[in-house]
Amino acid sequence: MLSLLLFYLFFSNPKSIASEKPLAQNSKIEKVTVFLQGATVERSSSISIQSGVNELVFDNLSPDILENSIQLRGLDDASILSIAFNLDYLDKKTVSAEYESLKTDLDQLLYEKNSIQNTIEGYERELKLLSENQRINSDNTDLSLEKVKQISAYYRQRSTEIQNIIYKQKREVQDLDRKINDYR
């Protein structure tokens with residue numbers, strides 16, 4: 001959770017700085033402009049402050065804020081003493097039900113992709129085993145021409161089946177990759 005600290009200095013006694021607690025403020029997103037690299041987010045908040053030094057904390061802001069890009073408007077007679085932002089790693093961020101649903105769907109897609117990749121790996125190993133074990137005649141075995149034809153037909157048929165399965169599985173992985181990118 002990101003907190004943006006704003007210190008307003010009014011003409012008053014500086015001793016009141018230590019006694020004041022930060023005022024937590026909510027802000028509303030008014031406008032968002034998205035660029036190829038980054039975005040601008042305009043927020044608004046109506047704040048009542050006391051005379052003197054006030055510390056304001058804005059929560060639930062993006063953790064990717066560039067410190068030198070922060071701008072404030074509508075201060076009237078107030079002046080800013082300093083601006084700082086911090087990430088609060090101890091505060092648990094609440095997430096929406098929609099976010100949780102998307103995260104669950106993404107996890108399911110990643111599981112399916114991993115399962116398909118494991119299946120592909122198994123078929124590739126079987127194909128490798130078939131190609132490495134093509135020696136069908138040895139000194140100890142006497143095979144007839146008919147037996148050689150049967151074995152050859154089996155290797156051809158099984159190799160073709162495996163290659164078709166691998167192709168289909170890889171297409172499914174590509175489709176899942178597109179969906180995963182959409183979810184991300």
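Student: What should I keep in mind about the model and its numbering before reading any feature?

Tutor: The model is predicted, so that local features need pLDDT of at least 70 and side-chain atom pairs count only at pLDDT 80 or more, while totals for chains, interfaces and linings use all residues. Residues are numbered from 1 along each chain as its sequence is written, and side-chain values use heavy atoms, with hydrogens and water left out.

Student: How many helices and strands does the protein have, and in which pattern do they follow along the sequence?

Tutor: Helices (H or I, at least four residues) and strands (E, at least two) are DSSP runs, numbered from the N terminus. Here there are two helices and six strands, and along the sequence they read β-β-β-β-β-β-α-α. Helix 1 covers residues 97–132, and helix 2 covers residues 145–183.

Student: What share of the residues is buried, and what share of the contacts comes from residues 24 or more positions apart?

Tutor: A residue is called buried when its relative accessible area is under 20%, exposed when it is over 50%, and partly exposed in between, with a 1.4 Å probe and protein chains only. By that reading, buried residues make up 17% of the 184 residues in the protein. A contact means heavy atoms within 4.5 Å, and among contacts with a separation of 6 or more, 75% are between residues 24 or more positions apart.

Student: How many salt bridges does a search of the whole structure find?

Tutor: Side chains of opposite charge can pair when their charged atoms come close. The criterion for a salt bridge is a side-chain nitrogen of Lys or Arg within 4 Å of a carboxyl oxygen of Asp or Glu, and the search finds seven of them. One of these joins the side chains of Lys113 and Asp177 at 2.6 Å, N to O. Because Lys113 lies in helix 1 and Asp177 in helix 2, this pair ties together parts that are 64 residues apart in sequence. Asp177 counts as partly exposed, at 27% relative accessibility, and its C-alpha is 8.6 Å from that of Leu110, although Asp177 and Leu110 are 67 residues apart in sequence.

Student: Is Arg158 buried or exposed, and which residues are linked with Arg158 in a network of salt bridges?

Tutor: Arg158, placed in helix 2, is buried, with a relative accessible area of 18%. Its salt bridge with Glu161 has the closest N and O atoms 2.9 Å apart, and the two residues, three apart in helix 2, are separated by about one helical turn. Glu161 is partly exposed, at 33%. The network of salt bridges links Glu126, Arg158 and Glu161. Leaving aside residues up to four places away in sequence, Arg158 touches Tyr123, Glu126 and Leu130.

Student: Which residues does Ser159 touch, not counting residues up to four places away in sequence?

Tutor: With that exclusion, Ser159 touches Leu127 and Leu130. Ser159 is also in helix 2 and counts as buried, at 19% relative accessibility. Ser159 and Leu127 are 32 residues apart in sequence, and their C-alpha atoms are 6.2 Å apart in space.

Student: How many residues line the largest pocket, and which lie nearest its centre?

Tutor: On a 1 Å grid over the protein atoms alone, a pocket is an open set of points where a 1.4 Å probe fits, with protein on both sides within 12 Å along at least five of seven lines, and lining residues have an atom within 4 Å of a point. The largest pocket is lined by 32 residues, with Val41, Arg43, Ile70, Gln71 and Leu72 nearest its centre. Strand 4 (39–44) supplies at least two residues of this lining, as do strand 1 (2–9) and strand 5 (54–61), and strand 4 gives the largest share, six residues.
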